[in-house]
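Take a look at the sequence and the model below. Then follow a short walk through some of its local features.

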Amino acid sequence: MAFARTCSVALVGVEGVVVEVQADLEPGVAAFTLVGLPDKSLVESRDRVRAAVVNSGSAWPQKKLTVGLSPASVPKGGSGFDLAVACAVLGAAERIDPRQIADLMMIGELGLDGRVRPVRGVLPAVLAAAEAGYPQVVVPEQTAAEASLVPGVSVLGVRSLRQLIAVLTDEPVPEEEHEPPEPGRPDPLLAGLTVPGAGMGSGVPAGPGSGAGSPDLADVAGQRAARGALEVAAAGGHHLFLIGPPGAGKTMLAERLPGLLPPLTRQEALEVTAVHSVAGVLPPGQPLVDTPPYCAPHHSATMAALVGGGNGLPRPGAVSLAHRGVLFLDEAPEFSGRALDALRQPLESGHVVVARSGGMMRMPARFLLTLAANPCPCGRHALMGEGCECTPVMVRRYQGRLSGPLLDRVDLRVHVEAVTRAELTGARCLAESTATLAARVREARERAAARLADTPWRLNSEVPGHELRTRWQPCSGALREAERDMERGLLTARGLDRVLRVAWTVADLAGHDRPQAPDVARALQLRTGVSRGVPVGAGEH
């Protein structure tokens with residue numbers, strides 16, 4: 001009996017499970033059996049591996065071959081096991097020394113000609129290998145830069161199975177020429193890294209000052225109150241609801257919100273890159289996503305598209321693609337009520353748990369939610385001389401599509417007024433740029449980080465209400481007006497905690513050591529939309 005083993009990784013969402021790939025050769029009728037709960041694409045690897053081994057110049061063993069994937073209870077799918085299966089078979093056939101591959105982690109798809117093709121999810125797979133203590137991984141050459149982001153792991157990028165066999169047997173490594181595609185045509189070898197249509201409107205917008213094409217808040221005419229709310233949302237990580245007539249600039253404001261967020265830390269960048277790699281939306285030539293992502297799904301998106309789903313094991317949805325960034329839902333009342341209510345779990349916990357018949361998956365989903373809506377179906381409600389024909393019942397039904405429990409989790413609610421002719425034709429230089437607001441946001445976040453240095457929280461929106469009421473109390477008498485609103489039923493207990501969080505963010509922007517009465521008043525005004533006699537514009541504290 002001949003036996004060999006090596007390792008690969010099975011992805012369950014964005015978390016990797018180390019899988020031992022075992023190959024056993026026994027005398028008998030030539031056959032190839034694959035066991036260990038493989039899916040359809042993994043079962044088909046039998047034909048891919050056989051053709052790749054033969055076309056790489058090695059003999060295929062004419063014996064009874066059994067390949068097992070352990071642990072057998074974990075569902076396994078995809079073509080990323082091809083390279084490990086091929087090497088395990090060659091090790092059992094003694095073409096490769098089995099000791100050379102016993103502790104080697106291999107990830108990659110094999111073409112029929114023996115070329116190693118890239119697969120999605122290399123970064124989370126290598127992270128799982130590093131956590132399990134594997135010192136070296138073998139990946140396709142095109143994804144070597146992505147795998148190298150994991151510290152403490154030696155990465156070997158190969159172009160073909162023939163090259164890997166030469167490396168493992170100390171033979172001269174053959175040159176594998178890669179013909180570049182014709183200008184204007186995509187590289188067919190990179191086709192496995194992307195999923196057409198899986199982006200859900202996601203992108204990685206450039207941060208402030210990173211290029212002339214970056215959207216700038218200076219382009220938005222007027223909207224002093226909304227610009228101030230964007231600054232507060234970015235500084236404290238607070239969710240935002242913009243309501244106003246069509247053409248007022250709600251979408252422009254939301255598109256510029258990621259530019260106010262600071263660049264991602266190393267750990268945050270690895271989290272975001274892992275999600276985008278699994279989803280197949282990692283930008284070409286950019287192995288590490290270091291800017292906050294922006295995801296804006298269409299209002300026809302289903303619940304599975306928002307929170308994750310699909311056949312078999314679920315795949316990341318829009319809430320995970322927007323992790324550490326902005327999730328923008330334009331025309332929010334047009335979304336399915338079930339889809340909107342599914343956002344309540346990730347808004348509270350920062351992750352989403354999706355259970356399907358194929359298994360259960362936990363994915364990160366700590367995002368900044370921005371909702372935008374018209375005041376009525378036609379959008380002209382309460383506008384002077386616009387002729388809104390919506391009945392009160394239609395307006396009430398339209399506004400009621402956003403449930404109370406969902407809106408209770410949104411800290412800032414701003415009415416975006418129609419832009420006047422004077423604001424539209426006014427001097428552009430009067431409006432503050434994204435860079436100016438981003439600098440203030442960065443200073444406010446630094447104040448919050450210094451205050452929360454010895455805690456598990458980094459943003460005001462993450463601090464539990466109990467801690468705010470006991471450990472970090474506002475100035476004496478500052479909460480008097482908020483407490484009156486709670487007694488009148490205008491605020492829930494969760495609402496009062498969220499007002500406290502926003503008040504701390506307003507205080508950080510203003511440079512106050514503790515929230516004062518005007519800071520709490522502004523937080524109440526931003527939450528309820530009722531004027532409290534305090535400035536609401538950006539930079540006015």
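The paragraphs below cover backbone geometry, a helix pair and aromatic pairs.

This is a predicted model, in which local features need pLDDT of at least 70 and side-chain atom pairs count only at pLDDT 80 or more, while totals for chains, interfaces and linings use all residues. Residues are numbered from 1 along each chain as its sequence is written, and side-chain values use heavy atoms, with hydrogens and water left out.

Start with the backbone. Most residues other than glycine have a negative phi, and most peptide bonds are trans. The bond from Ser70 to Pro71 is cis, with omega near 5°. Pro71 sits in the loop between strand S4 (64–70) and helix H3 (82–92). Helices (H or I, at least four residues) and strands (E, at least two) are DSSP runs, numbered from the N terminus.

For Leu37 the phi is about 65°. Leu37 lies in the loop between strand S3 (31–35) and helix H1 (40–43). For Asp170 the phi is about 60°. Asp170 belongs to the loop between helix H7 (161–168) and strand S10 (202–203). Are these residues buried or exposed? Leu37 counts as partly exposed because its relative accessibility is 45%. Asp170, at 71%, counts as exposed. Buried means under 20% relative accessible area, exposed over 50%, and partly exposed in between, with a 1.4 Å probe and protein chains only.

Now turn to a helix pair. Two packed helices are described by the angle between their axes and the distance between the axes. Helix H8 (residues 224–236) and helix H18 (residues 434–451) pack at about 40°, with axes 9 Å apart. Axes are lines fitted to C-alpha atoms, for helices over the stretch in contact, and angles run from 0 to 180 degrees between N-to-C directions. In H8, Arg227, Glu231, Ala234 and Ala235 meet H18 residues, among them Leu437 and Arg440. Contact means heavy atoms within 4.5 Å.

The whole structure holds two aromatic pairs. Rings of Phe, Tyr and Trp (its six-membered ring) pair if their centres lie within 6.5 Å; planes under 30 degrees apart count as stacked, over 60 as edge-to-face and the rest as tilted. Phe32 and Trp60 form a tilted pair, 5.7 Å centre to centre, with 40° between the planes. Both Phe32 and Trp60 are buried. Tyr294 and Phe328 form a stacked pair, 6.5 Å centre to centre, with 20° between the planes. Tyr294 and Phe328 are 34 residues apart.
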